[in-house]
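This briefing describes the protein model shown below.

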Amino acid sequence: MIAAVKSAARRFDPRALALPLAFLAVWEIAYLRAWVDPRLIPSPSGVVQTAWNSLADEAFFPGLWASLYRDLAGFAIGGLLGVASGVALGLSRRLDAAFNPTLNALKQISLFAWLPLISTWFGYDDGAKILFIAASAFYPVAVNTFEGVRGIPKTHIEVARVFRFSKAQWVFRLLLPAAAPKILVGLQLGLVFAWLATIGSEFLLANWGSGLGNLIIHGREALDVGLVIWGLVVVGLVGSLLDHLAQRAENRLLRWRGA
Amino acid sequence: MTVKLSLQNVRKTFRSRHADEAFVALDDVTLDVEDGEFMVVVGPSGCGKTTLLDLLAGLTRPTGGQILLDGKPVAGPSLDRGVVFQQYALFPWLTAQGNVEFGLEAKGAPSAERRETARRFLGLVGLAGFESHHPHELSGGMKQRVAIARSLAYDPEVLLMDEPFAALDAQTRETLQCELLRIWRVSGKTIVFITHGIDEAVFLGQRVAVMSSRPGRVERVIDIPPEFKAGEDIRAHPEFGRLRHEIWRLLHEDGERAREDERDARRLAVAA
């Protein structure tokens with residue numbers, strides 16, 4: 001963990017801070033000069049104060065864990081199903097012919113359009129939210145896995161035939177490692193989509209429960225814009241952290257590709 | 001000497017998407033390879049050399065005729081035949097060691113033995129010390145050495161090589177040719193080596209089967225004098241030049257004939 005922080009610090013380019021800092025400066029000046037209505041746009045220092053209070057609130061961390069739990073549970077389910085269907089459709093022309101057109105057509109429907117059906121059938125609780133998150137993670141994983149399996153070079157397949165690979169060797173010695181670069185791209189995208197869907201589900205399947213989405217909803221209800229902004233910051237930070245971890249895992253797993 | 005590998009009137013056609021007639025890749029190919037022999041098949045591109053190798057490997061089946069290994073028909077790929085591909089076909093996610101080991105895994109060797117055997121064969125091809133390198137860290141010549149070690153390690157009776165040195169620079173190619181002869185001498189394997197290089201054919205082969213194209217046929221089998229395998233600079237030998245020229249002439253005549261056939265076909269097409 002310390003090594004991870006150190007390597008991140010070494011790679012950090014201070015120029016990345018220029019835009020956020022400039023924005024904060026303009027924001028603070030606008031507030032001090034009273035160019036904006038302070039009820040609609042509080043000061044940055046005011047947001048920091050709100051953040052501090054929010055962190056001290058006993059509901060904050062349970063909310064964060066609740067969101068993360070939904071996110072990871074949905075991602076795990078959608079990711080596993082995505083890899084499995086991508087492999088199945090990638091290997092079998094027959095399954096591909098039978099399922100791909102339908103899956104493609106379903107993909108054209110915005111996932112948010114399913115929410116009324118999901119809430120009608122499954123309500124507003126964690127089950128419904130995780131289902132929605134899983135569906136969001138599923139597609140990028142399935143599509144990329146499919147492409148990874150189809151893209152296995154013919155020579156590698158011939159090697160497997162020459163060496164008389166067993167079924168298990170086919171899957172674990174050829175298919176999964178050969179398709180790994182694409183599968184990992186899919187999983188990384190799936191993780192991003194799952195996090196977007198997590199917050200989306202907390203807004204659109206809101207049930208006054210626990211979660212980062214609820215934090216933001218509370219802010220809006222109380223006309224506490226500072227709290228809304230703080231919620232957005234947390235959502236963004238958690239998303240970046242997840243993406244960073246996924247990237248590190250990918251780099252580690254694909255070290256054999258070289259620089 | 002006993003016959004190891006026997007091709008009897010082998011014919012291979014492919015259905016073409018554009019023409020009604022099937023494309024004849026190989027027609028009436030008959031050739032015997034003896035046990036422990038180094039047989040080189042040389043031919044112009046498009047003469048069906050790779051098709052021939054796929055058939056020997058069992059990756060495809062002949063349309064007609066038969067292929068016998070030790071008198072038994074070849075029914076598919078099997079661990080009694082090893083294949084070295086032109087593009088190495090190493091698994092990039094495995095180390096050199098791992099690439100050699102998985103061939104042994106297919107044969108069901110225990111893991112300690114696999115490690116030991118892989119190490120020994122990497123040493124045999126001159127790659128001791130590179131066991132833990134991944135393919136992207138190796139040069140083209142080293143990759144092909146790994147591929148050769150992979151095919152030798154599980155001890156197939158016949159080694160099939162499909163233009164294995166074609167993608168290498170001239171110097172590396174010559175080094176590997178010498179090493180292949182050395183490995184062949186120590187291992188006593190039967191080798192079928194496919195190439196379009198005439199020099200390479202005369203240098204490596206005990207016999208050279210010269211193929212013609214459209215359809216692919218074995219035009220002639222030429223004996224190479226045994227003293228050519230003595231290890232000296234045989235390329236300077238006058239007999240080397242004579243044999244080289246003989247094969248060149250056979251290939252050249254075939255090329256001329258193919259061009260004439262093409263001209264005739266075009267003339268007919270225009271007349272029609």
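In this predicted model, helix H4 (140–153) and helix H5 (170–187) of chain B each contribute at least two residues to the lining of the largest cavity. The structure holds 1 cavity of 30 Å³ or more, and the space in the largest cavity comes to about 50 Å³.

**Cavity lining**

- The largest cavity is lined by B:Val125, B:Arg145, B:Ile148, B:Phe165, B:Leu176, B:Glu179, B:Leu180 and B:Ile183.
- H5(B) gives the most to this lining, with 4 residues.
- By residue class, the lining of the largest cavity comprises 6 nonpolar and 2 charged residues, with no polar ones.

**Fold and dimensions of chain B**

- The secondary structure of chain B consists of 7 helices and 10 strands.
- Chain B is as compact as a globular protein of its length, because its radius of gyration of 20 Å is close to the 19 Å that the globule rule gives for 272 residues.
- The C-alpha trace of chain B spans about 70 × 45 × 40 Å along its principal axes.

**Burial, contacts and surface of chain B**

- Of the 272 residues in chain B, 51% are buried.
- Among contacts in chain B with a separation of 6 or more, 69% are between residues 24 or more positions apart.
- Chain B has an accessible surface of about 12700 Å², and carbon and sulfur atoms account for 49% of that surface.

**The setting of B:Leu5**

- B:Leu5 belongs to strand E1 of chain B, which covers residues 3–14.
- B:Leu5 counts as buried because its relative accessibility is 1%, while the cut-off for burial is under 20%.
- When neighbours within four places in sequence are left aside, the contacts of B:Leu5 are B:Leu31, B:Asp32, B:Val33, B:Leu56, B:Leu68, B:Leu69, B:Val158 and B:Val192.
- One of these contacts, B:Val192, lies 187 residues from B:Leu5 in sequence, with a C-alpha to C-alpha distance of 9.5 Å.

Conventions
Residues are numbered from 1 along each chain as its sequence is written. Chains are lettered from A and ligands numbered from 1 in the order in which they are written. This is a predicted model: local features need pLDDT of at least 70, side-chain atom pairs count only at pLDDT 80 or more; totals for chains, interfaces and linings use all residues. Side-chain values use heavy atoms; hydrogens and water are left out. On a 1 Å grid over the protein atoms alone, a cavity is a set of points where a 1.4 Å probe fits but cannot get out, and a pocket is an open set with protein on both sides within 12 Å along at least five of seven lines; lining residues have an atom within 4 Å of a point. Grid points are joined across faces, edges and corners, and a volume is the space filled by probe spheres set on the points. Ala, Val, Leu, Ile, Met, Phe, Trp, Tyr, Cys and Pro count as nonpolar, Asp, Glu, Lys and Arg as charged, and the others, Gly among them, as polar. The radius of gyration is taken over C-alpha atoms; the globule rule is 2.2 Å times the number of residues to the power 0.38. Buried means under 20% relative accessible area, exposed over 50%, partly exposed in between (1.4 Å probe, protein chains only). Contact means heavy atoms within 4.5 Å. Accessible areas come from the Shrake-Rupley method with a 1.4 Å probe; for residues, only the protein chains shown count as cover.
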